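Please keep the sequence and the structure in view while reading.

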Amino acid sequence: MKFFISYILEFLAFFANFIALSVFCLKISTGFRYRLLCAYYLLASALIAKTLLDITVNNAHLYSILYVITGLSVSYYFYDLFTSAGKRLLAIAVGLCTLAYYLLSLQNKDIIFDSVGYALTSVGIVFLIFLYLHQLFSNITEEPLTNNFDFWFVCSQLIYHLGSFVIFLTYHRLIEKIMEGDYSSENRAILTYLWGIHNVLLFLGSLLTASGLIWILSRRKSQLS
Amino acid sequence: MDIISQEITVILIGSAFFLLVAIGIIILVLFYQKKQLMYTHEKSRLQHQYHQELLKTKLETQEATLNWLGKELHDNLGQLLNSSKVLIGVAQRTNNTQETLTTAGETIGQAITELRMLSKSLSQEWLEKFNFEENLKAEANRINATREITMTIELTEHLNMPRDRQLMLFRMVQEATQNSIKHGMASVIKIFATQQDTMLTVTVEDNGKGFDPTDPAKQGFGTNSIKHRALLMGGSARWSSGSGGTVVNILVPQNTST
């Protein structure tokens, strides 16, 4: 069970998101931002699958690639979602910041999980989420929010990025501390357990996206019949 | 190991806190949207109700105008033309032709003036040109013409509100004066307006027999209609009454467009 939560669940969460977005693209909308998210989740699933092939090797660089593609894809998603030029500019800025930080961090040759990169991406995404909520409140429509797939997706991102923020921020320091001190199997298990918590949050987010999709599909079906 | 465990506990508490914040934000957003939707629905319902009431008011005013017109045609214009006809008949039968014809001509001239005034009341653009002050003065003239009731108007404030709102206000004041005459048996009615900030207060005061404003049985259609219209205009209406008469205060915002 511990192995499942600490390793497999992460892959499952990304893959579930990929499935949910694929179904959404096939049945509801083929908008570019959804197709891009589909591609992102497929790539993220592939990256996580690669880390699962050998869990004993250092995979920090793969996770760095993961945060940069997350930052870029989600920033584009919000760029497409926003209606005002100012908000769009901020979405571009978040994406560029993530990319710039990643390119700078490549020179450091750090082999440990990049906490700053992850935290920066999460803060940027949460900031874009707040901008989206502001946009929602500025244009209140008759349509309930629960019928809006973007709302479900944004909620899942909020739960994941805000919930995991402290883990992202402290993970690098914890690894360093354990490596400098007692690099015992117990301490390593604690780290794996902590990443398992992150995986649970990621999975909760993907469950929320999938639930939203099921809800929207059932509503459409009941409206048609 | 202990320090690491402590740090993990802090991280878990922090994560749980942020997770709760995220869930709280989502619930808040859903709740806020629901509240906003309810507010929008209520606003559109009130707007619809206002337009319905405005339509009703227009019809009532038109009906009242037509009644008055019929009465004017019969009592005033009809009488003037009849007098002219009699005078012409007299002129045909008597020698005093010049003087009688002059009087007949003056009577016909008066009839023409009355006719012009009446045609103004029948104008198609009456709502666009509706003026609270002018209509209230005309109403006072009609009531004062009976010589049994004295109605005075003191409007120092210039009404700065859309025509449809002026019409609604006029109907409320008209309703209040009719109540004073019909139920209060008043002989003196005073109407005056005061303004405080954006609120305009129109007061209708009479020396009638008064009534108990707290008694629901005494609150007829007219009273409820004034209350309802004032509420739709974003204002209120208050009554104070005793043996010395009744005072109706109608409070409405001046510059609100509905």
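B:Lys56 is partly exposed, because its relative accessibility is 35%; the classes are buried (under 20% relative accessible area), exposed (over 50%) and partly exposed (in between), computed with a 1.4 Å probe on protein chains only. Its salt-bridge partner is B:Glu53, with the closest N and O atoms 3.9 Å apart. A salt bridge here is a side-chain nitrogen of Lys or Arg within 4 Å of a carboxyl oxygen of Asp or Glu. B:Glu53, at 8% relative accessibility, counts as buried.

The model is predicted: local features need pLDDT of at least 70, side-chain atom pairs count only at pLDDT 80 or more, and totals for chains, interfaces and linings use all residues. Residues are numbered from 1 along each chain as its sequence is written, chains are lettered from A and ligands numbered from 1 in the order in which they are written, and side-chain values use heavy atoms, leaving out hydrogens and water.

**Salt bridges**

Over all chains, the structure holds 11 salt bridges.

| Salt bridge | N to O distance | Setting |
|---|---|---|
| B:Glu42 and B:Arg45 | 2.9 Å | 3 residues apart in helix H1 (residues 2–93) of chain B |
| B:Glu53 and B:Lys56 | 3.9 Å | 3 residues apart in helix H1 of chain B |
| B:Glu175 and B:Arg171 | 3.8 Å | 4 residues apart in helix H4 of chain B |

An α-helix has 3.6 residues a turn, so residues three or four places apart point the same way. B:Glu42 is partly exposed at 36% relative accessibility, and B:Arg45 is partly exposed at 43%. B:Glu175 and B:Arg171, by contrast, are both buried. A network of salt bridges links B:Glu53, B:Lys56, B:Glu60, B:Arg171, B:Glu175 and B:Arg229.

Helices (H or I, at least four residues) and strands (E, at least two) are DSSP runs, numbered from the N terminus. Helix H4 of chain B covers residues 163–182, and its 20 residues should span 28 Å at 1.5 Å a residue, which agrees with the 28 Å between its end C-alpha atoms; the expected span is 1.5 Å times one less than the number of residues. Of the 20 residues of H4(B), 16 are buried.

**The interface**

Contact means heavy atoms within 4.5 Å. By this rule 24 residues of chain B touch 31 residues of chain A. The area buried between the two chains is about 2500 Å², with 81% given by carbon and sulfur atoms; buried area is the accessible area (1.4 Å probe) that two parts lose on being put together, summed over both. On the chain B side, B:Ile4, B:Ile11 and B:Gln33 lose the most area to chain A, together 21% of what that side buries.

The interface has 2 salt bridges. A:Lys177 and B:Glu7 form a salt bridge through their side chains, at 2.2 Å from N to O.

**Chain A**

Chain A has 7 helices and 0 strands. Buried residues make up 49% of its 225 residues. Among contacts in chain A with a separation of 6 or more, 78% join residues 24 or more positions apart.

A:Leu81 belongs to helix H3 (residues 60–81) of chain A. A:Leu81 counts as buried because its relative accessibility is 9%. Apart from neighbours within four places in sequence, A:Leu81 contacts A:Arg33, A:Tyr132, A:Gln135, A:Asp150 and A:Val154. A:Tyr132 is 51 residues from A:Leu81 in sequence, with their C-alpha atoms 7.9 Å apart in space.
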